[in-house]
Amino acid sequence: MSAASGSPTQQLAAFSAGVRYEHLSQIERCSCARHLLDTVGACVAGASSDVSRIAAGFARDIVGSGRVAVPGQRERYDSLTAAWLGGAAAHGLEVDDGYRAGSVHPGCVVVPALLAAAAGSDVDGRRLMTALAVGYEVSTRLAEAIHPASRERGFHNTPIVGVFAAACAVGSLRGQDASTIEQAMGIAASSAAGLFAFLEGGGEIKRLHAGLAAREGLMAALLAERGMTGPRHVIEGQDGFFQAYSGQPVAASFADEIWPRMGETPLNVTRCYMKPYACCRHIHPAIDAVLDVTISESVEAEAIAEVRSATYEIAAKHARGGWNDMASAQLSYQFCVAAAMRHGKVTVEAFGAAARADPKTNAFARLVSVSVDVECQATYPSLRSARVTVILKDGRAFERFVDEPSGSARHPLSDEAVAAKFMDLASPVLGETRSHAAAEALLNIHLTPRIDELLPLLEPAAEGA
C-alpha cells in the first residue's frame, strides 16, 4: 500500500485498485468493523427521522420500488436510491463518525454506497471491509488537502470529497482496475457539491448531502465500468477539484505532506473519531468540559451563572445561529452546551420539539458565550480544542482545557461504549434481540460469506415485537 507514481488522481486510483484484505493490519481491520457498526447504527436510527421520511416518501412516489434494502427501513429501492436514502439517514441525526484533520464525515457516504453496491451480489465481508478502508482513506486524505480553505469558501467537505470516496470504494468492491477508477473519479467530480449555507437556517438540507454523494459516487463507478469517460487528472488539473474547492491548481499540502503518508500503516480509518454526543463535532470539546465540571466538582446546572467557551474560529461560527428546528439545534453551540447542562448528556432526544422549547434549556443557553481563542485557532485543524470557564453564582470559577474531544483517536471510545451506542440507536428500530445479532455480525463482518445475509438483520422489527 505504498505511494505510487503519477498525478494525485492517478495515485488515488492506483491505491484504490491495489488494496487487498491481506494488506490490512489487525488494528485496521478492527477499526473498519467498529466504524461499520457505528455508521450502520447511525443509519438505522436516522431512517425514522423527519428528513428520511420525506426522502423515502419522495422515492416511493417518484422513483418506485426495487430490490435493495436500506438499514432501518422496510421498503426496498434501486441501488442508487438506496445509497441516497442510506446516506441521508446516516448523516441525519449528527451521530456519525468523522475525521478531524479534514473536517469530514467519511462513514455516512462510504458505507451506504458500499451496502447498496453489495446487495444482490456475491460480495463477502472481507471485500466490504477492504473497500471501506479505501473509501475512508480517499475521503480523509482529500479533505485534509483542501481544509480549511474549502470550508472558508463555503463548501461542506463531506459531500464534495464524498463522491470520490464512494466512487473509489465501490471500484474497490467491484474489483475495478486503476484506469477505470480514474475515469470514475473524473465522472464523480462533476457531482461534487454541498454548501455550508445551512448554518444560517434550513439545516435539514445538510442531511441530504451525504446521501447525494453516496448516490453520485456509486453511479460514477457503475458508469465508468460501462465505458463512460470523465476528465483524467481531475483532482489536480486545470479547472479541476483542487482549483475549484481550495483555490489552488494543485494543493501543495497534498503533494508534499499528505500523499507521501497515504497507504502507510495504519490507514486513516484508525484515526477517525466516533461521536459520544448527537451534535456537531466542533461543539464536543465544550460539552466535555462542562460535563467534567458538573461531575467532578459536583456542580448542579442551576448553580451556574455563566459558561465561557474560547475555541477556534470555525467552531465559534456555530454560535451565531438559532435552534428553531432539530437540525439547527444540533449545530448551535449555545443550545448543545445547554442540553449537556440540562440532561447530563447529549442524545438525539435532547433536540426534539419539546426539548427545544424547554424553558430551562433555553435559559441555560443564554448563559453560554463563545469567543475565538488565539491558541485554539493556531492549533486548528491539528487539534479541535476549547478553553472553557464555568462561573458559578457564588463566584467560584472552574476552567477546563480540552485538546481533543472524547471519541477521537487520542481519546477513543471503548469497544463497550461503541457497542452500547449502537444498541441505543438501533434497538428502538430493530428490537433488542435483532440489534444484538446485528452488532455481532457487523463486528465480525470478515466472517460473512455474503453481505446479503447481513441485510435482513437491519430491517425494522415487526410491530409489537
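A crossing of two helices is right-handed if the near helix is turned clockwise from the far one by less than a right angle. In the predicted model described here, helix 4 passes helix 5 in a crossing of this right-handed kind. The axes of helix 4 (residues 79-90) and helix 5 (residues 107-118) come within 8 Å and cross at roughly 150 degrees. Because angles over 145 degrees count as roughly antiparallel, helix 4 and helix 5 are therefore described as roughly antiparallel to each other. On the side of helix 4, the contact involves Ser79, Ala82, Ala83, Gly86, Gly87 and Ala90, which meet Cys108, Pro112, Ala113 and Ala116 in helix 5. Seven of these contact residues are nonpolar and three are polar, with no charged residue.

By class, the lining of the second largest cavity comprises eight nonpolar residues, one polar residue and no charged residue.

The lining of the largest cavity is divided into five nonpolar, five polar and five charged residues.

A further helix pair was examined. Helix 8 (residues 157-173) and helix 9 (residues 178-189) pack at an angle of about 150 degrees, and their axes are 9 Å apart. Helix 8 and helix 9 are therefore roughly antiparallel, and their crossing is right-handed. Helix 8 contributes Val163, Phe164, Ala167, Cys168, Gly171 and Ser172 to the contact, while helix 9 contributes Ile181, Ala184, Met185, Ala188 and Ala189. Nine residues of this contact are nonpolar, two are polar and none is charged.

The largest pocket has a volume of about 1,100 Å³. It is lined by 43 residues, of which Ala45, Ser48, Leu93, Val348 and Leu425 are the closest to its centre. Helix 3 (50-63), helix 10 (204-225), helix 15 (326-330) and helix 20 (415-430) are the elements that give two or more residues to this lining. Helix 20 provides the largest share, seven residues. By class, 21 residues of the pocket lining are nonpolar, eight are polar and 14 are charged.

Note on methods
Residues numbered from 1 in each chain as written. Predicted model: local features only at pLDDT ≥ 70, side-chain atom pairs only at ≥ 80, totals over all residues. Heavy atoms only, no water. Axes fitted to C-alpha atoms, helices over the stretch in contact; angles between N-to-C directions. Helix = DSSP H or I, 4+ residues; strand = E, 2+ residues; numbered from the N terminus. Parallel < 35°, antiparallel > 145°, perpendicular 65-115°, else oblique. Contact = heavy atoms within 4.5 Å. Nonpolar A, V, L, I, M, F, W, Y, C, P; charged D, E, K, R; others polar. 1 Å grid on protein atoms, 1.4 Å probe; cavity = no way out; pocket = protein on both sides within 12 Å on 5 of 7 lines; lining within 4 Å. Points joined across faces, edges and corners; volume = space filled by probe spheres on them.
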